[in-house]
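Please look over the structure below.

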Amino acid sequence: MKFIPKLTGVVLSAAIMAQSVPFVYAAEESIASSELSNDIQISKPEYAAGNMEADGLLEPVTEDDPEYHKYLENNDPYGIMTMSALWGADSLTHQNRFNGVSKVYGIDVSYYQGNIDWKKVKNSGVEFVIVRVGYRGYGSSGTLVEDPKFKTYLDGATKAGLKVGVYFYTQAITTAEAQEEAKFVLDRIKGYSLQMPVYYDIESVDYDTGRLDSAGLSKAQKTALCTAFCDTIIKSGYSAGVYANYTWLNYYIDGAGLGKKYPIWLAHYTSNTNYDQRMDMWQYSGSGTVSGISAYTDVNVWYSGKLPLYVSDLISVSNTSTSNTFAWNGAPDATGYEVYQGTSPSDTSKKKIGDTKNTYFTNSNKSTGTMYKYMVRAYSDASGKRVYGDYSEVFTTCTLPANISKISASARGTSVTISWDKVSKATDYIVEHYVNGVWKQVGTTSSLSYKVNGITQNGVNMFRVKARRNYSGVYYNGGYTYVNAEVTDIPSAVTGIRSTSNTSTSNTITWNASTKAEGYEVYQWIGTNDSYKLIGTTTSTKFTNSKKSSGTMYKYKVRAFNTVDGQRIEGAYSSELTTCTLPANVSFSLCSTDVDSITLNWNKVSKATGYQVEMYTNGKWKTLSTLSGTSYTASDLSQNTAYRFRVRAIRNYNYINYNGGYTEKDITIRPANTPEGLSSAMNTSSSNTITWKSVNGASGYTVYQWAGVNDPNKKILGDAEYPYFTNAGKSSGTMYSYKVKAYYISDNVMQYSKPAQLVTCTLPENVTVTTAKRSGSNISLAWNKVSKATGYEIYVKSGSSWKKLTTSSGKSYTAKNLSGTKTFRIRAYRKYNGVNYYGAYTEKTVK
């Protein structure tokens, strides 16, 4: 049946809008209805009328699928992005180069076509189908995903008798990823018979920016992706091609160059493409409707008669020293291939070396390291008469150089000299050394010997050498030949490096003796880019690094050395040793005693992380505390008894304590005499002044105030040189408790007395009179409440003296039977422990 697909809604996809030529629409009137196949309807699919689940039409697997946006635009139920256009096979204008060439029509499908009735598809005139194997997600992770319908479609199309091929939608950004995609495809098509190529679909993501679009690859880099994928496919015995739209083939990849090696599948949504390079298939619409498929479908024309016996450029699969294996893209209509060795098709001396039905060939029993040129041409026996296609381009390759047949190695000092016999036609030789579990190239030479210097350890060293042939800038590598050399002159690596003693200004390190050592080099880390500086040389296995900073971390390495033939040879470095100088010794500052305790004080030691305090008791030292501060109080001690203490600084580094030297201190508690006669000499509403008798021999006095906590001496107000002290800035009418200790200083120890204690109050504030008025012979007085006042005394002046009228706890008083002008005074008082503390008088005159 003649296939004339009818297109009822061509979508303006990104592939169309990217074209550099005008988009051509065919008018609906251009094809009469009588010309249309009855199997292909001029109407939108059922889902376009509102039934989005007709015939199993599927939602996208993931929005990371590059075809997701195409799914959305092609399946818009309102046709928002569609434009009226109609054409089928008869509406296409084919280029003159395809005159007389068979045009075969087919489709390509992916998951979004839903459930497909392949029998209807076949009966509608479709002759081939290209099935999507999968895709790489266009998000940053680039996950490889198999199309969920791939196997179902491939099995169904094959069973229906359709020719099948496959495609993979790439988002690779490196050739390694492109090869990974090819292997992904090969794993999934294994066991299937394909009549058409494996296509590499390379394009931009519609209406979004994919990882390929944002990778910033050059045209050459994008072309290399195609080559890496296709060559991997071809080497596995399949035909491979490239799918791309008009813009990509012209501007983003080398479409012309790729066309010399692979079939090109052009996407150009127009009725008359002007693409002038090789194309084997043309996808002319993305919105075809085909019987058996309930979704818009891509439709294509395959120029199956175009160069039916065309053989692409050959690619190298593998070479040995006596053979070349190469492959090519097969011609779809070929019966077989003839393989020739020669310089050109016109070469009269060219020789036919094989006839094969495969798309690969191995030419064996060749000379080593030799250049050979090959050509392939396809032939067809389909007409009963053998018809030949054109020769492929000449393919040049080389057999590999032979392996080195004889090799030797000798060691002296830190060098190994390797020698070998010449390999025919070798350009040069690669020398490798097995170091730390891997082969490392150490040199390239065109001579027949090579000296490897700088070997660092004694023992058997493994080497390998291979010949290579350079032809036209391409290297052909022979196999490796292995040789060993035992090195015996290098001092063994230093082991057992350790810190044996440290002081506050030095580190002493030792290590085990090395074999073959004449001496040792000691290195110190200098803190810049992990670099080390030589700080000394010694013939012993011990070294002291002096004049260092106290409490400081230092790193060391050591290596042995000797001399062979006048050459100094160093062994491998030891492991790294980290150690510290000790903290400096503690220096005591002014210490103190109480009647039953001793407080030790010391100056902070640079870089110390803590301190250890010990006391000598019962014939041995006992640790009292390990603390981070610089003061410690030992309690429950007796007077007139000598006590011995010692303190040392600690530096903790990497969970190791480095202890400084001890500093000792002998202290006997001999208290000063206790101050006597402690009294409150004068109080105001905001201060207390206390006095006491001088203590003979005292250097001074320390005054404490009770702070409302368990320790009554918690708050130190200050030191007094003389026997009095004023505590100002206090609250009015408030009780305060004081203690005073006398002290004297001897041998840098402050010896305190027992405390003398006093409780006293600040005075209440002055009274503020708010009312003073007469009513007949009575005078009324009122005042504000004074904070913490117990009561108030009211006086009236009588002549030259004052007469007390009353004591009241209230805030008012009325004096009766008074005539004439009268003057009153009022004061508040606070009663504490049976003692009244009086505030100042406030006077008020009433006429």
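Questions and answers follow.

This is a predicted model, in which local features need pLDDT of at least 70, side-chain atom pairs count only at pLDDT 80 or more, and totals for chains, interfaces and linings use all residues. Residues are numbered from 1 along each chain as its sequence is written, and side-chain values use heavy atoms, with hydrogens and water left out.

Q: What is the volume of the largest pocket?
A: On a 1 Å grid over the protein atoms alone, a pocket is an open set of points where a 1.4 Å probe fits, with protein on both sides within 12 Å along at least five of seven lines; lining residues have an atom within 4 Å of a point. Points are joined across faces, edges and corners, and the volume is the space filled by probe spheres set on them. For the largest pocket this gives about 730 Å³.

Q: Which residues lie nearest the centre of the largest pocket?
A: The lining divides into 19 nonpolar, twelve polar and six charged residues (Ala, Val, Leu, Ile, Met, Phe, Trp, Tyr, Cys and Pro count as nonpolar, Asp, Glu, Lys and Arg as charged, the others, Gly among them, as polar). Of the 37 lining residues, those nearest the centre are S239, N329, G330, A331 and P332.

Q: Which element gives the most to the lining of the second largest pocket?
A: This pocket has a volume of about 380 Å³ and is lined by 17 residues. With four residues, the element that gives the most is β26.

Q: Is W692 buried or exposed?
A: W692 sits in the loop between β46 (687–691) and β47 (700–705). Beyond its neighbours within four places in sequence, W692 is in contact (heavy atoms within 4.5 Å) with residues including P675, Y701, Y722 and F725. Buried means under 20% relative accessible area, exposed over 50%, partly exposed in between (1.4 Å probe, protein chains only). The relative accessible area of W692 is 6%, so W692 is buried.

Key: Helices (H or I, at least four residues) and strands (E, at least two) are DSSP runs, numbered from the N terminus.
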